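Please look over the notes below alongside the model. They go point by point.

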Amino acid sequence: MIRSITFFVLFVGLAVVIPFYFNELLLIVTKNIGLGWVTTTILIRLVVIILFIIALKFLFLAFEKTKRLKTWIITLIGIIPGFLISFAISPIYNTDYGIFNDDLKLENIADLSTATSGTFSNAPQNTVIAFFTTSCPFCKSACRKLNQNFEAGQNLKVDFIFPGTREDADRFLEENNGTQFNSHLIADEATFMGYSGYNFPSIFVITPNGETKYHWIGDQMNYSALDYLLSLEQ
């Protein structure tokens with residue numbers, strides 16, 4: 001009985017601890033094994049469920065009345081609580097999966113060079129062009145996600161465009177792991193707003209022929225979008 005209870009505590013502990021390190025595990029598996037963000041999120045939650053089911057198995061083995069319960073019955077009992085443990089600690093949001101697109105196009109890309117005082121240069125390759133403001137929380141999140149995708153193997157060109165001062169932009173990049181990406185300033189606020197579509201972050205995926213493939217705002221650059229960006233070559 002003591003052995004069964006010990007294993008029960010061990011496996012429950014693992015099932016509870018793993019979701020607390022959900023993002024860290026997500027990056028490690030995506031970066032080193034290459035399963036992709038969507039697949040890895042599902043895998044981590046599945047592992048939590050399995051660990052909880054194993055924990056229940058040991059708990060039931062500790063008592064005479066339940067030790068003969070069939071494994072499939074224990075599995076049915078444990079699936080929902082196991083999922084709820086994962087969900088409660090690391091929730092699933094309705095924008096986490098699926099490729100979003102509002103069909104906004106980035107027009108006059110060639111004029112961005114002039115708007116950024118010559119620092120931006122367009123190239124015939126897949127490119128992410130993101131319009132950020134330094135106070136926007138979703139912009140900060142998007143910057144950190146792109147850095148994680150870069151660490152996981154993303155190799156396409158990324159350009160961040162800010163209003164305001166270089167000092168503010170550099171501080172933003174430093175605080176949100178974005179210093180390895182190209183960054184530019186548009187001094188004229190009306191021009192910046194016109195390009196961004198008045199939403200932040202405003203993230204465009206541009207094809208080699210200069211067309212807008214996708215446009216994401218807010219938290220729409222999700223796991224599915226990150227997988228898509230990983231699949232693109234320069």
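Is the crossing of H6 and H9 left-handed or right-handed?

1. The crossing of H6 and H9 is right-handed. (A crossing is left-handed if the near helix is turned anticlockwise from the far one by less than a right angle, and right-handed if clockwise.) Helices here are DSSP runs of H or I with at least four residues, strands are runs of E with at least two, and numbering starts at the N terminus.

2. Basis of the notes. The model is predicted, so local features need pLDDT of at least 70 and side-chain atom pairs count only at pLDDT 80 or more, while totals for chains, interfaces and linings use all residues. Residues are numbered from 1 along each chain as its sequence is written, and side-chain values use heavy atoms, with hydrogens and water left out.

3. Geometry of that helix pair. The axes of H6 (residues 137-151) and H9 (residues 223-231) come within 10 Å and cross at roughly 45 degrees. Axes are lines fitted to C-alpha atoms, for helices over the stretch in contact; angles run from 0 to 180 degrees between N-to-C directions. H6 is therefore oblique to H9. (Under 35 degrees is roughly parallel, over 145 roughly antiparallel, 65 to 115 roughly perpendicular, and the rest oblique.)

4. Its contact (heavy atoms within 4.5 Å). H6 supplies Lys145, Leu146 and Asn149; H9 supplies Leu226, Leu229 and Leu230.

5. The sheet. Five strands form an open, mixed sheet, ordered S3-S2-S1-S4-S5. Two strands pair if DSSP finds at least two bridges between them. S3 (182-185) and S5 (212-217) are the edges; each has a single partner strand, so one side of each lacks a neighbour in the sheet. Neighbouring strands are turned by 20 degrees against each other on average, direction ignored.

6. Strand pairing and packing. S4 (residues 202-206) pairs with S5 in the antiparallel sense over five bridges. Ile203 has Trp216 of S5 as its bridge partner. Helix H7 (residues 166-175) packs on the sheet, touching S2 (157-162) and S3, and its direction makes about 150 degrees with that of S3.

7. An aromatic pair. The ring centres of Phe132 and Phe160 are 4.7 Å apart with planes at 40 degrees, so this pair is tilted. (Rings of Phe, Tyr and Trp, the last by its six-membered ring, pair if centres lie within 6.5 Å; planes under 30 degrees apart are stacked, over 60 edge-to-face, the rest tilted.) Phe132 sits in the loop between S1 and H6, Phe160 in strand S2, 28 residues apart.

8. Backbone check. Phe200 and Pro201 are joined by a cis peptide bond, with omega about -10 degrees. Pro201 is in the loop between H8 and S4.
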